[in-house]
Structure formats: structure tokens, C-alpha cells
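Here's a quick tour for anyone opening this one up for the very first time. Take a look, then read on.

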Amino acid sequence: MIGITSFGAYIPIYRLSRDLIAKAWERSSLKGERSVANNDEDTLTMAVEAGSDSLKGLDRKMIDGIFFATTNAPYKEKLSAGLAATVLDLRSDVFTADFTNSLRSGTAALRAALDSVKAGSAGRILVTAADARLGYPRSDQEQLFGDGAAAFVIGGDKIIAAVEHSISINKEIVDVWRNDDDRFVRVGEGRFILNEGYMAAMKDVISALLKKSGLKASDFSKLVIPSPDQRSSMAVAKKLGFNADQQLQDNLHSNVGNCGAAHPLLLLVAALETAKPGDLILVASYGDGADAFVLRVTEEIAGNKGRLGLKGHLESKMTLSSYQKFLSFRNIVEPVAGEPFRLFPSNSAYWREQKSILRCYVSKCRQCGQTEFPIQRICSKCRSKDDYEEIRYSDRKGKVFTFTRDQLAGRSDDPVVVQTVFETEDGTRFYLMMTDCNPEKVEVGFPVEFTFRRIYEGANFHNYFWKCRPVRNGGSYHG
Amino acid sequence: MGSIKDKVAIIGMGCSVFGERWSLGAGDLAIESAYEAFKDAGVGPEDIEACYVGQMYAPVNGIGGSTIADSLKLSNIPIIRNENWCTAGHMALIEAALAVASGAYDVVMAIGVEKLKDTGYAGLGTGRGMNPVYEARRTAPGSFGLIATSYFKQYGLSMEEGKKTIGKIAVKNHRNGSMCPKAHFRNTVTLDQVLSAPIIAYPLGLFDCCGNSDGSACAIVTRADTAKKFRDDPIYIKGFGISMDAVLPHTRPGFGWTSFEALKRSSGKAYEMAGIKNPREEIDIAEVHDCFSITELAIYEDFGFSPRGGAKEDIDSGFFELEGGLPVNTDGGLKCFGHPVGASGLRMTYEVYKQLQYKADKPERQIKNVHRGLSHTFGGPPQLSAVAVFGNERG
């Protein structure tokens with residue numbers, strides 16, 4: 001038996017009311033709100049967040065492979081899964097692969113992981129999927145899309161949802177696409193793409209899966225399918241004999257939006273969060289054809305605790321105050337750094353120090369116990385030389401020791417940088433910028449945690465590093 | 001550790017006008033301070049045997065000793081530049097003094113120059129952390145704001161009390177600077193103005209931060225035993241202390257952010273060499289590193305001018321005012337001169353030198369009964385401090 005052994009999710013802290021987008025363009029609102037990645041987030045950082053959520057309580061060294069799926073990878077040529085593997089502190093002999101360019105890449109990665117484990121080439125694979133697609137300004141897609149990520153650990157033991165069947169179909173059609181130099185998603189004529197694209201493929205793949213599995217619509221507790229708009233998933237459900245009100249997983253239109261390649265996986269996380277042992281779930285994705293799976297929930301579902309998941313991330317949020325900020329946070333209009341960056345990184349130094357920069361390791365002196373970040377070869381307390389352990393701190397929590405709200409360093413669209421001295425519970429100090437916060441609410445003693453973010457494009461590559469943020473623990477967000 | 005107490009004397013000093021000197025380059029600023037120093041010492045460029053330069057920014061301000069060699073035409077002598085952050089001017093002076101004390105040279109120039117206005121910086125030290133990854137967005141006000149937040153918290157000052165306390169330092173320095181013809185900012189400010197100014201890096205407001213200026217200052221030093229051949233009133237170097245602390249305070253476990261080892265060590269070493277037991281009583285004038293008002297407050301305590309946690313009481317009582325028990329930053333400090341990094345240590349020393357000679361540019365700001373003066377710069381995250389103590393008589 002192969003299946004999902006753990007899941008996690010990530011929704012950025014910011015939500016934008018669709019009414020604000022509509023008002024800016026003097027058009028109708030699609031109602032509700034969409035998630036918006038912060039200006040220091042991209043699909044890689046969101047995948048790291050979801051991956052990290054799914055790995056809580058697990059031994060990261062047991063992961064044999066990592067897949068990253070998106071339609072918006074930070075690099076056109078360079079592996080994102082490998083970067084995510086490093087940041088998540090996985091072993092160096094993990095199998096890494098990116099699945100891109102299709103709304104089906106999330107489920108493609110899922111299918112590939114299932115097949116790898118089934119074939120015995122890997123014991124456990126971490127599947128991450130994240131997306132942050134841009135709709136043309138004023139388009140429906142601008143309102144419909146959301147930003148987010150999901151992650152699953154696929155394996156053969158302690159399975160919380162066994163994948164019993166999977167099926168795929170291919171249908172060539174130019175309906176939703178971006179050319180190689182496009183930023184915004186293009187869509188074809190509405191009736192054509194809906195009927196001959198999404199509706200046709202969903203009908204075919206789900207019918208084929210039911211036939212293959214010998215199951216009928218009423219056997220399922222949940223039908224998990226993304227929707228290109230607010231309603232079409234409902235039409236699919238009805239047409240195939242499902243009870244849309246009771247069986248169809250809410251498509252997250254009202255509070256997140258469609259998260260592209262990550263969306264089917266995110267919806268599956270939502271379904272698993274309320275699933276009971278024995279439940280049957282049908283998951284399908286769409287994009288130039290379709291993938292579909294049958295999952296059976298096991299008794300182990302009760303063990304997937306301690307994760308923020310989709311629910312926890314939905315509960316903690318901040319409101320993005322304007323459409324203009326959305327435009328700027330997503331680089332549709334160009335912000336400038338409050339003061340130019342004057343120190344440029346080097347590829348070699350960034351590579352050399354990746355244990356601290358990417359993996360967030362601290363040195364701990366074997367003689368006196370002093371902990372320091374970044375890793376120090378000579379202990380600043382007792383001067384022991386090259387006598388230290390290296391310990392990962394990326395999932396530790398702590399508090400603000402001291403801080404300032406710096407008005408000079410920030411971007412034009414986000415002008416205040418909260419420079420923070422972050423002290424972890426064991427007294428280790430980190431000097432980090434704080435993100436996802438309301439600067440006016442920060443005070444000494446404020447609880448914070450690490451988050452991996454994209455800082456800037458120094459030396460012409462994406463410079464990622466850690467920041468801190470108010471602890472995101474569901475319900476009450478102190479940001 | 002040895003001592004150079006009373007072995008080296010300053011026989012001439014010069015200081016440019018500080019400010020936005022758009023029409024002058026780094027070399028022109030150097031000429032302005034060096035030629036005042038030549039005249040003051042009664043020597044010429046041909047008498048200089050070696051030159052130590054404090055200059056932070058390269059390459060916009062020249063590389064190596066080129067700014068000085070090219071402008072002053074100090075050809076074919078050793079010219080050694082240091083870029084030791086904000087202490088670069090002091091480093092140049094101390095290196096020059098050590099060179100003379102070693103016996104290698106008799107007449108040596110120390111010069112600091114910085115043409116900040118060619119670097120495009122709108123404010124002091126913005127956007128120049130020391131590591132492109134770990135400190136990508138570090139700024140000087142941000143670094144020092146951390147001290148204020150922590151100090152107010154640890155000493156139980158409300159934000160209002162804390163802001164008022166450091167605000168009084170800004171008011172004092174502006175009052176002093178208003179009387180100083182070479183200062184960049186020569187306006188007085190009220191406490192209300194200080195408190196209502198825009199925030200730069202909370203809790204520091206505009207008037208808690210020093211300006212961004214061009215400037216240069218220069219000293220010519222020689223052996224103390226022959227100094228009176230040059231002038232009747234040479235100023236003697238009594239002691240110095242330099243401390244470069246290891247590990248950024250940002251990442252040091254347990255660090256309190258209210259007191260700095262580099263400040264304590266550098267002042268302690270300088271006092272020891274100078275034979276000073278009670279700095280609060282024995283120092284008559286001090287020019288200290290007021291890059292931010294909170295920095296000056298931390299210095300009061302780390303230098304032993306005020307007891308630990310007692311700076312507020314001394315500030316409130318006017319102890320550091322021009323007429324107080326220990327006048328600090330009598331020329332207006334960095335607050336009014338701005339901080340052309342490499343020049344500041346020598347500019348501060350220029351003020352102490354003139355005060356010790358009873359030759360302050362305006363009689364109304366001349367300190368009475370002045371025997372011991374101190375100048376000091378503090379740089380980095382902060383991590384590096386340099387102190388020099390001077391006297392107007394030997395022994």
C-alpha cells in the first residue's frame with residue numbers, strides 16, 4: 001500500500017478583498033478575498049513553508065526525494081527542488097525534480113512520487129506544489145487566482161490516505177497558457193475553453209476512474225476538484241452524479257483563490273483535514289488533460305497533528321490595504337528599495353556559506369556550549385577552535401530581544417523594516433528582518449519564528465535568506 | 001602594555017568647514033585642512049616624513065593614499081590609509097603618534113577626509129551592512145535604534161521619558177554647534193522640535209541622528225621633547241585606547257544592548273595610560289561619538305562619566321552642557337558637524353586641541369580651566385572604539 005503519510009500547507013498572510021480590485025477597475029467584484037504572497041515570497045519560499053509544515057515531527061533525513069511543482073518557478077533554468085531540499089535540510093543524496101509549466105504539474109509530481117515509492121526506488125518522497133500566477137490587470141483571473149502551497153510526504157508506512165487508483169488523460173488544447181516570455185496568463189474564448197477544455201477533460205477522467213475502480217459517485221465522501229471559476233466544479237459534480245452540496249470540496253474561491261498547480265493538492269489537504277478513517281476521496285486536476293486519484297483514509301489520519309495545514313493558515317491573516325500594494329508586491333509595478341543595496345553578494349560566498357544561509361545552522365561550542373549564528377569556527381566565548389556541533393535552528397521559536405522600525409531600508413511599497421534581534425528559547429541570537437507583521441505592534445518580548453524569504457536580486461540571482469515573523473499558530477495572529 | 005604618554009605632541013591642526021561642499025572634491029577638502037595645519041605648525045609639505053590617512057569610502061573617494069598624494073603632492077613618502085569605520089580618523093592620529101614614538105620619524109601628518117556627498121548617501125550609513133546576506137538591509141540608524149529600545153526597556157524608561165532624555169542631548173549639541181563657525185548645522189533646536197520630528201529608526205527621530213557631511217581634519221605631530229621648537233603651546237598625547245570587539249553584538253548570546261565592551265576597554269586603556277583615575281572629575285572636555293543621541297548616552301555610562309543607569313540624572317541636571325561639570329561635544333558634535341567618516345576623529349581632536357590652547361574660535365564657547373581633554377569615535381554595528389586623551393602640559 002502506498003499513499004500520503006503526512007501533509008502540510010501554506011497560505012501567505014496577506015488577503016486582498018476582491019472588492020478593492022473591482023473598485024480600482026470600476027468593474028464587478030467576484031466577491032470574497034484572495035491570498036497574496038508578500039513582496040518577499042515566491043513559489044519556492046511558499047513550497048518551503050508547506051514542506052516544512054508537512055515535515056513537523058518527522059525525521060528529515062528519512063526523506064529520499066523531493067519534487068517541486070509550479071507554473072511559476074523562480075528560475076527558468078536552475079533547479080528549485082534542489083534549493084528547497086537544501087533549505088529543508090534534506091540529505092544530499094535525495095532525488096530532486098521540478099514539475100513545471102502545467103496546472104497539472106502538482107498532481108504529476110504526486111503521481112511520480114507514488115510510482116517511485118511503488119517501484120521501490122524511494123522510501124519517502126516529499127511533494128511540494130506552490131503557485132503565484134498573474135492574471136492580466138482587470139481580468140477575471142486577477143480576482144480568481146490566489147497564492148499558496150501544499151505538500152505531501154508519500155511513502156509506504158503509517159499511511160493516512162492510501163492511493164488506491166490513479167489515471168491520467170491527455171487532451172491537447174490551447175485554452176489557458178503563457179508563451180515563453182509572458183507574465184500574465186492568457187485564456188481563450190470562454191465557452192470553448194470551458195466546454196471543450198475543463199468540462200470535457202474532467203468528465204472523461206472521472207468517468208474513466210470510476211470505471212477502472214468499480215466505484216460509483218455515491219461511494220465517495222469527497223470530490224476534490226479545482227475550478228477555473230466559482231461554479232464550474234459544481235457543474236462537473238452534478239453531471240457525474242455527485243451531490244455537489246455534500247460531496248464537493250469547497251474550492252477556496254471565497255477565501256484564497258485558485259492556486260494553480262498547487263490547487264488540487266491544497267484542496268486535498270482541506271479534504272483530509274476533515275476526513276474520517278474509511279472515507280473515500282476522489283481527487284482530480286485539470287490542465288491539457290487531467291489526472292485523477294482515489295484515496296482511502298486510514299486510522300492514521302488522527303496522527304497528522306501539530307501542523308498548521310490549510311486551516312491554521314486560513315485562520316491567521318492580515319488584510320492587504322490596497323490594490324496598489326498588490327500590484328507592487330507582485331512586481332506588476334516596480335518598487336524601489338528605500339536605499340539602494342550597496343553590498344553585492346557573490347555566487348561563491350553564497351554557495352560556501354549555505355549551511356548557515358540556507359540550512360540555518362548554528363555552531364554550538366563543544367567546550368562551553370556557546371551557540372552562534374552564522375557558524376563560527378572559533379568560539380567567541382572560550383576561543384575553542386574548530387570544536388563545535390552544527391545544529392539546525394530553522395524550526396525553533398523565540399522572542400524579540402530588541403528591535404527598531406527602520407524607515408530608511410524598506411521598499412517604496414513597504415517602507416518600514418523591523419530590524420530585529422531575535423533570541424531563541426536557548427538564548428541564541430539572530431539579527432533578522434521581521435516580515436508579515438504590523439510594525440507598530442512589535443515590542444520587546446514579542447514571540448517570533450523563522451521564515452525563509454527572498455530578499456533581493458543582488459549579483460543577478462535570487463538572494464534568499466531567513467527572516468523572522470510573529471509566530472503563526474492559527475487563531476490569533478499577533479502580526 | 002607600554003605607554004606613549006607625553007612622548008608625542010600635536011604642533012598643528014586644521015579643520016575644513018563641514019557641510020554639503022558640492023563644489024569641492026575629497027582632495028580639495030584635504031587641502032583645506034592640511035594647509036591650515038601647515039600654517040598652524042609653521043611647517044610645509046616638504047617637512048612631512050610620513051602620512052597616515054583615515055578615509056572610509058573607496059573607490060569613489062580614491063583608493064589607497066591617492067587622495068592625499070595627488071592633492072597635497074606629498075610625493076615619495078609613506079602614505080598609509082586605514083578605513084577602520086568611524087574610528088578611521090583616530091586610527092590615523094594614533095598610528096602617526098606611534099610612528100613618531102618609535103623614533104622612525106620626527107614630523108608626521110595624520111589626516112582624515114571624506115567626501116560623503118559623492119557617494120549618493122542620503123543619510124548616514126544607509127544600506128551598507130557588512131554582509132550582503134546576513135545584513136542585506138542594515139542601516140546605521142537601525143543598528144543604533146536597537147540600543148535605544150533596549151536601554152529604555154531595561155532601565156524602565158517610558159517611551160516618552162526615554163525620548164526626552166536622549167532628545168536633551170540633541171538640544172545641547174545643537175546649542176553648542178550654533179556657536180561653531182565650521183559646523184554644518186548651526187541652528188538651535190527645542191526639545192519640542194526634537195520630539196515631534198519624523199521617526200528615522202524607532203525610537204530615534206530625525207534630530208537623534210547626525211547629518212551627512214563632507215569634511216576633513218588634519219594634525220601634525222612630532223616628538224614631545226622638541227615640540228616647543230615649533231610652538232609655545234603644543235598639545236600632548238596623554239594616552240589612547242582602541243578596542244575592536246569580536247563577534248557582532250547582533251549575534252552574541254546574552255548581550256544586553258545597553259553597554260559595549262569596546263567602549264569600556266578603549267576608555268579604560270586610555271585612562272590607564274593617561275593616569276586618569278576618575279574621569280568624571282579629571283576630564284575637562286570630551287568630544288564623543290554622538291552619531292545618534294542614544295550613543296552619547298551609552299558613552300556617558302561606559303566611559304565612567306555617569307554611573308550605570310545614571311545618565312538621565314546627569315542629562316537632566318545639565319552636567320554635560322557647556323557650563324556643566326563635564327562639557328561634552330562643545331562644538332556641536334557629529335550632530336552639527338555631520339559625520340564624514342574618516343574625518344570625524346580628527347575633527348573632534350581639533351576641538352579638544354583648540355580648547356586646550358584656549359583658542360576656541362568664539363570666546364563664548366571657550367571652556368575655563370581646561371587641562372585634560374578626550375576625543376572618541378565608535379564604529380561598526382557598533383563594535384570598534386578609539387579614544388585619545390590630551391593635555392596642555394607635560395607630566
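This is a predicted model: local features need pLDDT of at least 70, side-chain atom pairs count only at pLDDT 80 or more; totals for chains, interfaces and linings use all residues.

Residues are numbered from 1 along each chain as its sequence is written, while chains are lettered from A and ligands numbered from 1 in the order in which they are written.

**Around Phe344(A)**
- Phe344(A) sits in the loop between helix H11 (323–329) and helix H12 (347–352) of chain A; helices are DSSP runs of H or I with at least four residues, strands are E runs of at least two, and both are numbered from the N terminus.
- Setting aside neighbours within four places in sequence, Phe344(A) is in contact with Gly458(A), Ala459(A) and Pro132(B) (contact means C-beta atoms, placed from the backbone, within 7 Å).

**Where the chains meet**
- On chain B, 33 residues are in contact with 38 residues of chain A.
- Helix H4 (140–154) and strand S5 (199–201) of chain B are the elements giving two or more residues to the side that touches chain A, and H4(B) gives the most, with seven.

**Confidence**
- Chain B averages a pLDDT of 95, and 98% of the residues score at least 70; pLDDT is the predictor's confidence in each residue, from 0 to 100.
- The model scores ipTM 0.93 and pTM 0.95.

Notes
Two residues are in contact if their C-beta atoms, placed from the backbone, lie within 7 Å.
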